[in-house]
Amino acid sequence: MTEPRSRGRLQRTWRRLRLRWIKLTQPVLGPFRARWRRSLMLRTMTITGLVTGAMIAIAGVFLLTSVSNDLYQSRLEQSLQDSARATVQAQRMIDSFDPADRGGLQSLQTSVLRTVQDTSSSQMIYIRRQENQAPFPELSPVASTPSALGQAVSEELANAVLVAEEPQYWQAVTFRDGEAKDAPGIVVGSSLKFPAGAGVFDLFIGYELSATAETLSFVQRTLLFTAVGLMLFIGLLVWVISRIVFRPIRVAADTSRRLAAGEPDARMPLQHDEHFDVLSEGFNDMADTLQARIQELDDLSEMQQRFVSDVSHELRTPLTTIRLASEVLSGQQDTLAPGQQRAVEVLSTQVGRFESLLTDLLEISRYDAGRVTLETEPTNLVHLVDEVVTILRPLSSSLIEVRPLGGYTPVDVDARRIRRIVSNLVGNAIEHGEDRPIVVTVDSNAHAIAVAVRDWGVGMSADDVDHVFDRFWRADPSRKRTLGGTGLGLAIAREDAAVHGGFLEVWSARGVGTNFRLTLPRGDEVTDFVSPIPLIPEDVADGADVRETTGGWLKRPFRRSIKTPKEGRS
């Protein structure tokens, strides 16, 4: 049990440390990560810089190591040769001394010290009599120049000289002086054999490497400055090359952006490269084809709009005549037979439905052509909803309740179009509500205002919800229409909501009912907003089969291009 618990604690500790690290580095590394994911040029420059920096670092370390080893080895060989020469010269002087003159041994020791000092390039000399020898009072046991050499001689070096398997030994040391700065150096040890039983003396000569260290420091600084300059130069070179290489891509992106923004004459210039020129020619051919196709669609749309206008104009004259005739016949219904009266009623109803269908067709054609005009004015949606419900309430046997939870502050909307949306939603609730209560809710928050129409009628399946805003679509074609309708009401309502920058959404379930929700932003400057009314009603059971078209935070949809002579909006 101990091991799983320890592993769990380690995992929790690691998770806390990781979250803390992310929290600390997010302000600094967050923008860089976002820029890294978006910019191919940044990734290319960074990877090239890292690889180049690694190569320069490896080359610099190799050169510095080679130069350092060469300088050190050269200085070591010079020191060994210098020490050997001084040792040979001192031993010759000792060998030429008369052993019978025991009183001159002290002078001989001084002369040897001076000879070594004159022969060697170093002034750090230390001579001492080897241990484990019989006392010899005629000679001083130690003779040296004023230096810190005696403290630098280690026991290891002294033992090596005592064994004397080689002519001389050396060791890297650091010379320490109480007043001066510590200096690196080399101590070379050898032995001198004095005559007349004086014994063997160790000779240590110290060589400072301060000059060599300064030379190495100079080389290091030179290599560092060279590496920094080379990195800057390579970085500039990579930046220039990247700008040159990615320029055609930026031109293509800018050209495509201009085309998407509605500039039909935007074209990609030639880049004087066989591959990019092929791309430019293909892109320009595509743009030409697209422009020609758009022009054809514009001409077709204009022809369609003109056709619809002409047809509507031509149909209105006979339709007016038929409507007048129907009114005349309706005024004489008392003199007609029962069958004829029923025919007059059907004629009057269908004439009215035909007029509504013609009006809706004209409206939907304006949306298709992008020629919609908004006439906005400050509107209180609570009052607007109450007016619509007051008009429709006598046409239904259902109880229609208005719940104004908010939304009293006026908003700039096209009141005619919003009234049409609410009328359509309430009319649909009456049609499919099965004479059950209908609740119309109005609420708002700081960024949006919403109207929801809830009924407890037959409801719709998930497949029906996907098609509820399609033109001329009916969930149940066999059902009788109570308020008439043309099949275009919800399609036009969704367009009316979108042209205001809002949403028209629906939730529905079989046997549970339907809830339509209209959400409008409070002004053009609002782009992200959440609806103040939930799309799924609170009274829905957990086990109900529901379908939600959208939810959570809403983003304003792309508005169609519309004409707004009063407000100047698009």
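Which residues have the most contacts inside the largest nonpolar core? In this predicted model, they are Val385, Ile418, Val426 and Val440.

**View 1. The largest nonpolar core has 37 residues.** Helix 10 (residues 415-432) gives the largest share of this core, 8 residues. Nonpolar side chains in soluble globular proteins tend to be buried together. Ile418 is one of the residues with the most contacts in the core. Leaving aside residues up to four places away in sequence, Ile418 touches Leu381, Leu384, Val413, His500 and Leu520.

**View 2. Another core, of 25 residues, lies apart from the largest one.** Its members include Phe97, Val112, Ile127 and Leu192.

**View 3. Five strands form an open sheet in the order 7-9-10-12-11.** The pairing is mixed. Strand 7 (400-404) and strand 11 (503-509) are the edges, and each pairs on one side only. From one strand to the next, the twist averages 15°.

**View 4. Strand 11 and strand 12 (residues 513-521) run antiparallel.** They are joined by 7 bridges. Ser508 has Thr514, in strand 12, as its bridge partner.

**View 5. Helix 9 and helix 12 lie across strands of the sheet.** Helix 9 (residues 381-392) lies across strand 7, strand 9 (438-444), strand 10 (448-455) and strand 12. It runs at about 175° to strand 7. Helix 12 (residues 489-499) lies across strand 11 and strand 12. Its angle to strand 11 is about 135°.

**View 6. Phe469 and Phe516 form an edge-to-face pair.** The model has 4 aromatic pairs. Why is the pair of Phe469 and Phe516 edge-to-face? The ring planes stand at 85°, and over 60 degrees counts as edge-to-face. The ring centres are 6.3 Å apart. This pair links distant parts of the chain, 47 residues apart. Phe469 sits in the loop between helix 11 (462-467) and helix 12, whereas Phe516 is in strand 12. Phe469 counts as buried, at 9% relative accessibility. Phe516 is buried too, with a relative accessible area of 6%.

**View 7. Phe503 and Phe529 form a tilted pair.** Their ring centres are 6.2 Å apart, with the planes at 55°. Phe503 lies in strand 11 and Phe529 in strand 13 (residues 528-529), so the pair ties together parts 26 residues apart in sequence. Both residues are buried.

**View 8. The charged end of Arg454 sits over the ring of Trp456.** It is 4.3 Å from the ring centre.

Definitions and conventions:
Residues numbered from 1 in each chain as written. Predicted model: local features only at pLDDT ≥ 70, side-chain atom pairs only at ≥ 80, totals over all residues. Heavy atoms only, no water. Core = buried A, V, L, I, M, F, W, Y, C linked by side-chain atoms within 4.5 Å. Buried < 20%, exposed > 50% of the residue type's maximum accessible area, 1.4 Å probe, protein only. Helix = DSSP H or I, 4+ residues; strand = E, 2+ residues; numbered from the N terminus. Contact = heavy atoms within 4.5 Å. Pairing = 2+ DSSP bridges. Axes fitted to C-alpha atoms, helices over the stretch in contact; angles between N-to-C directions. Phe/Tyr/Trp six-rings, centres within 6.5 Å; stacked < 30°, edge-to-face > 60°. Lys NZ or Arg CZ within 6 Å of the ring centre and 35° of its normal.
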